[in-house]
Amino acid sequence: MKRSWLTISAHIAGWLFFFSLVAGFVAGTGQDAWPGMLFSKSFLGFSLLYLLLFYLTTFVLIPFIYLRGKYILYALVSVGLLAAIMYFKPFDKLMTINRNERADMPGPPPGQMPAPPPPQWENKPGPQMPSRNQPPQNGRPGKTDIVSTILFLAVWSLGLAICIIRQWRITEKKMLQAEADRANAELSFLKAQINPHFLFNTLNNIYSLAVTGSEHTALSVMKLSNIMRYLTDDVRADFVWLEDELDFLRDYIDLQKLRLGANTEVRLITKGEVAGKRIAPLILVAFVENVFKYGVSKQQASVITISVEVKNDRLFFHTDNPLFPDKKEQVSTGIGIDNARQRLQHLYQQQYDLSVGQENGRFVVNLELPVPGSLV
């Protein structure tokens, strides 16, 4: 509604400026019909003619003829309108009729000095001056109405420019919508890749516990139920509460720890105020999954560190795990890290910082991203 009123106001202001220029030019010829000339039939007819030309071009000729590829028909109609303007000479006609209308104005009111009588013409052969009772001529015969032609080209060009800008905005809006739809489809696909991969590993872990008769089986099933509820209900949104994401992460780590031997130590560190913060779902678990996939060995002892800290609406995430010789070539090529990179780029643009690499024989991930109280 606000944009519509702005458009209407812009049109009114533009036409007032246009017609004031024309009226000022006519009044500048030295006549005294200003401002009454604005309400004369000749000026109103001139104004309606150019209003009709503008809106006919903007809302009929260009949308329904030019933009539909009927270029020859559009050119013929435009040339026809230009020829009609050159034939009827609306500006010259405005000047001629306005001059005659001023001549027909009544004399001065009583009490004022009458105007001097008009000169008497001798009855001599040759061209005679037109009488005030003669009908107005249609412009200047045999001469081109340059002003009307220029005004027509200006109005026609303005209408064409407005239509081109409007069409460009529509095209740009469609492109942005298509890009957003593509990004949403890609995010949905990435989530679909994460969920089955994670569930497959978790079910294998619980199966191993059930086969061995572990007392942790029931607890593991409950944690898996919490994880399933989270994956089903919450991760459909682009952003979730950080508290829920960390609860999900703890359940995931607890399930992973059940299958680890005594020679693997897992350190989970959380700091800062996480209440009321939001984060993209399943971003952190991709890196944690990578830790348990490549940082655990049955033969060698290992220490895994996972740290989450919140400072001033920024989250600092860190993982640190050892690299074993048989897994060095695979550690940075997992699908989880690639998916996480793509989702970070889609959701956080340039607001995040991610570094992944090897330091002193260990694989280290550092991620910093915003976790504001409202949606990013």
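This is a predicted model: local features need pLDDT of at least 70, side-chain atom pairs count only at pLDDT 80 or more; totals for chains, interfaces and linings use all residues.

Q: How many helices and strands does the protein chain have?
A: Let's begin with the whole chain. Of its 376 residues, 36% count as buried. As for its elements, the protein chain has 9 helices and 7 strands.

Q: Among contacts between residues at least 6 apart in sequence, what share joins residues at least 24 apart?
A: A contact here means heavy atoms within 4.5 Å. Take the contacts in the protein chain between residues at least 6 apart in sequence; the share that joins residues at least 24 apart is 77%.

Q: Which element gives the largest share of the lining of the largest pocket?
A: The largest pocket has a volume of about 770 Å³. The elements giving two or more residues to its lining are helix 1 (2-27), helix 2 (41-66) and helix 5 (146-212). With 11 residues, the largest share comes from helix 5.

Q: Which residues lie nearest the centre of the largest pocket?
A: By class, the lining of this pocket has 12 nonpolar, 3 polar and 5 charged residues. That lining is made of 20 residues, and those nearest the centre are Thr7, His11, Ile162, Arg166 and Arg169.

Q: Are the rings of Phe54 and Tyr55 stacked or edge-to-face?
A: The structure holds 11 aromatic pairs. In the pair of Phe54 and Tyr55, the ring centres are 4.8 Å apart and the planes are at 85°. Planes over 60 degrees apart count as edge-to-face. So the pair of Phe54 and Tyr55 is edge-to-face.

Q: Is Tyr55 buried or partly exposed?
A: The cut-off for buried is under 20% relative accessible area. Phe54 is buried, because its value is 3%. Tyr55 has 27% relative accessibility, so Tyr55 counts as partly exposed.

Q: How far apart in space are Ala154 and Phe54, C-alpha to C-alpha?
A: Ala154 has its place in helix 5 and is partly exposed, at 44% relative accessibility. In sequence, Ala154 and Phe54 are 100 residues apart, but in space their C-alpha to C-alpha distance is 9.6 Å.

Q: How many residues apart are Tyr252 and Phe292?
A: The rings of Tyr252 and Phe292 have centres 6.4 Å apart and planes at 70°, so this pair is edge-to-face. It links distant parts of the chain: Tyr252 is in helix 7 (residues 242-257) and Phe292 is in helix 8 (residues 284-294), and the separation is 40 residues.

Q: How many of the residues of helix 8 are buried?
A: Phe292 counts as buried, because its relative accessibility is 3%. The buried residues of helix 8 also include Leu284, Phe287 and Tyr294. Helix 8 is mostly covered, and the count of buried residues is 10 of its 11.

Q: Which residues do ring pairs link into a cluster along with Phe18?
A: Rings pair if their centres lie within 6.5 Å. Ring pairs join Phe18 into a cluster with Phe46, Tyr50 and Phe91.

Q: Which residue lies over the face of Trp241?
A: To sit over a ring, CZ of Arg has to be within 6 Å of the ring centre. Here the distance from the ring centre of Trp241 is 3.8 Å, and the residue over the face is Arg278.

Q: Leaving aside its neighbours within four places in sequence, which residues is Thr217 in contact with?
A: Thr217 is found in helix 6 (residues 217-233). Thr217 is buried, because its relative accessible area is 18%. With neighbours within four places in sequence left aside, its contacts are Leu209 and Ala210.

Note on methods. Residues are numbered from 1 along each chain as its sequence is written. Side-chain values use heavy atoms; hydrogens and water are left out. On a 1 Å grid over the protein atoms alone, a cavity is a set of points where a 1.4 Å probe fits but cannot get out, and a pocket is an open set with protein on both sides within 12 Å along at least five of seven lines; lining residues have an atom within 4 Å of a point. Grid points are joined across faces, edges and corners, and a volume is the space filled by probe spheres set on the points. Helices (H or I, at least four residues) and strands (E, at least two) are DSSP runs, numbered from the N terminus. Ala, Val, Leu, Ile, Met, Phe, Trp, Tyr, Cys and Pro count as nonpolar, Asp, Glu, Lys and Arg as charged, and the others, Gly among them, as polar. Rings of Phe, Tyr and Trp (its six-membered ring) pair if their centres lie within 6.5 Å; planes under 30 degrees apart count as stacked, over 60 as edge-to-face and the rest as tilted. Buried means under 20% relative accessible area, exposed over 50%, partly exposed in between (1.4 Å probe, protein chains only). A charge sits over a ring if NZ of Lys or CZ of Arg is within 6 Å of the ring centre and within 35 degrees of the ring normal.
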